[in-house]
Amino acid sequence: MGQNWTAEIRTEEGKGASRRLRHAGKVPAIIYGADKDAVSIAFAGNFIKHAFENADLFNSVLTIDVAGGETENCVVKDIQRHPATGDVSHIDLQRAGDKTYITKDVPFNFTGKSKAPGVKMGGMMTILQPTVEIRCLAKDLPTAITVDVSTMEAGASLRLSELALPEGVVITALTHGNTDYDQSVVNITKPKRK
């Protein structure tokens with residue numbers, strides 16, 4: 001599910017240079033990590049505007065073609081947005097080779113809500129955690145973690161440790177060896193008695 005992005009190398013650094021880039025309709029970015037030097041780059045603003053309309057982008061490995069340089073596989077680590085317009089004003093990209101472990105927040109995708117016996121009985125389903133921090137190799141990064149709630153009864157809850165995870169994916173909260181971190185992700189209340 002890789003995407004190819006084309007970037008240009010930024011030769012000037014600093015606030016003034018970034019401002020000039022933005023005036024020219026470009027978005028400054030930086031690629032770092034994997035024990036290599038950071039590379040300052042820029043993308044076409046229109047391209048970035050459309051790219052970030054897709055939420056899966058935050059959890060996809062991107063292939064960045066740096067003009068006149070090499071191709072870098074990266075994940076989006078952070079973005080800054082303009083306070084007034086909401087446009088992306090800077091992007092931090094972390095190198096993500098096949099052997100690179102990355103830690104990221106990914107969203108849960110809850111399926112089967114309408115089938116859940118607890119909901120059919122009139123219980124309220126509450127999503128307690130919309131996202132979770134995971135650690136995995138870059139190549140195993142899921143865009144979301146699917147949580148099947150179709151068998152949940154009224155009064156039931158699902159904890160992190162009960163979730164089916166894609167191969168190679170670890171929930172960081174469960175690596176602390178402390179059950180306090182094993183939080184409930186979703187629950188269904190018992191229906192109120194009439």
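This is a chat about a few parts of one predicted model.

Colleague: Before we start, what do I need to know about the numbering and the model?
Modeller: Residues count from 1 along each chain as its sequence is written, and side-chain values use heavy atoms, with hydrogens and water left out. The model is predicted, so local features need pLDDT of at least 70 and side-chain atom pairs count only at pLDDT 80 or more, while totals for chains, interfaces and linings use all residues.

Colleague: OK, the sheet. In what order do the six strands close into a barrel?
Modeller: The order is S1-S3-S2-S6-S5-S4, with mixed pairing. Strands here are DSSP runs of E with at least two residues, helices are runs of H or I with at least four, and both are numbered from the N terminus. Two strands pair if DSSP finds at least two bridges between them.

Colleague: And how are neighbouring strands turned against each other?
Modeller: By 45 degrees on average, direction ignored. Axes are lines fitted to C-alpha atoms, for helices over the stretch in contact, and angles run from 0 to 180 degrees between N-to-C directions.

Colleague: How many bridges do S2 and S3 have?
Modeller: Seven, in the antiparallel sense. Isoleucine 31 stands opposite valine 39 in S3. On the S1 side, two bridges join S1 (residues 3-9) to S3, also running antiparallel, and glutamate 8 has alanine 42 of S3 as its bridge partner.

Colleague: What sits between S2 and S3?
Modeller: The two strands form a hairpin with two residues between them.

Colleague: Is aspartate 35 buried or exposed?
Modeller: Aspartate 35 counts as exposed because its relative accessibility is 83%. Alanine 34 is partly exposed, at 47%. The cut-offs are under 20% relative accessible area for buried, over 50% for exposed and partly exposed in between, using a 1.4 Å probe and protein chains only.

Colleague: Switching to helix H1: which residues are buried there?
Modeller: Ala17, Ser18 and Leu21, in a helix that spans residues 15-23. Seen down the axis of H1, they fall within an arc of 100 degrees, so they line one face of the helix. That arc is taken from the directions from the helix axis to the C-beta atoms.

Colleague: And what's on the face turned away?
Modeller: The exposed residues Lys15 and His23.

Colleague: What covers the buried side?
Modeller: The cover includes strand S2 (26-33) and strand S3 (36-44). H1 lies across S2, S3 and strand S6 (88-95), at about 130 degrees to S2.

Colleague: Last one: where is serine 150?
Modeller: Serine 150 is in the loop between strand S10 (145-148) and strand S11 (157-159). With 18% relative accessibility, serine 150 counts as buried.

Colleague: What does serine 150 touch?
Modeller: Leaving out residues up to four places away in sequence, serine 150 touches Thr111, Gly112, Lys115, Ala116 and Pro117. Contact means heavy atoms within 4.5 Å.
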